[in-house]
Amino acid sequence: MSGYDDATDGVFEEAIRAVRDAGAEVVDPADIPTEDVRKMGECERIVMQTEFKHGIAAYLSTRVVVDAELAQPRSLADLIEFNKENAEQELVHFGQEQFERSQQSGPLDGEAYLEALAAGQRLAGVEGLDAVLDEHGLDALIAPTGGPAWPLDPEEAGDAVHGGSSRFAAIGGYPLVTVPAGFVRQGGESGAGNDLPIGLTFMGRAWSEPVLIRLAYAFEQITQVRRTPEL
């Protein structure tokens, strides 16, 4: 779960070195063995779209009417229709394909959702994180949280994702902790105004929050890389 870019990999290598120098036993690499990543991704899509459809409706139902003259959407279908009616403002740079796909999803007690939820948790958890932790006798996995932030360019390149490490824990329902790991230079002179933060993620088994918090806290005390934001 590295390889986002050379600068991020450099920060990650420094993090590994710090952990090893502190006395931890490090196994590198320790790859997650889940073979059917495509199936896991399909399960993730079904779960996310179904939960979004019902979650947004639950959220909108709590909204208090402040101005009765304005639109009062109460469902994802209402939002889709509002965007269509105001496309010159709402759909200038992006469409609403994800909204429309989510709208086609079924109920939270439907067979498609429940099967995808169970299969995703198995592939990411028991056959994923649990398997690699058990194979090497590890307390946790570490990986870069993600690559550096990027500017949005809707006219040309669009959105640019440099990778991330939260997917298996998120799908499996397992805990993770992210702490500052370092900074990468982003043009100009190196400094607080030009450097972009990189995080380090600690992932573990189900109910391993106490272990992860201890490890993350120890890493922060050893490295002291966090910079206090300038207000």
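Which residues are buried in helix 2? I shall answer that for the predicted model shown above, and then turn to the sheet.

Helix 2 covers residues 37-60, 24 residues in total. From its first C-alpha to its last it reaches 34 Å, close to the 34 Å expected at 1.5 Å a residue. The buried residues of this helix are Met40, Gly41, Cys43, Val47, Gln49, Thr50, Lys53, Ile56 and Leu60. As a general point, residues three or four places apart in an α-helix point the same way, because there are 3.6 residues a turn. The packing partners of the buried residues of helix 2 are helix 3 (76-85), helix 5 (97-103), helix 6 (111-136) and helix 7 (167-172).

Let us consider the pairings in detail. Strand 1, residues 141-144, is joined to strand 3 by four bridges, with isoleucine 142 opposite phenylalanine 202. Between strand 2, residues 176-185, and strand 3 there are nine bridges. Here valine 179 stands opposite leucine 200, while valine 177 has phenylalanine 202 as its bridge partner.

What of strand 3 itself, residues 195-203? Eight of its nine residues are buried, and therefore the strand is largely enclosed by the rest of the structure.

Methods:
Residues numbered from 1 in each chain as written. Predicted model: local features only at pLDDT ≥ 70, side-chain atom pairs only at ≥ 80, totals over all residues. Heavy atoms only, no water. Helix = DSSP H or I, 4+ residues; strand = E, 2+ residues; numbered from the N terminus. Expected span 1.5 Å × (residues − 1). Buried < 20%, exposed > 50% of the residue type's maximum accessible area, 1.4 Å probe, protein only. Contact = heavy atoms within 4.5 Å. Pairing = 2+ DSSP bridges.
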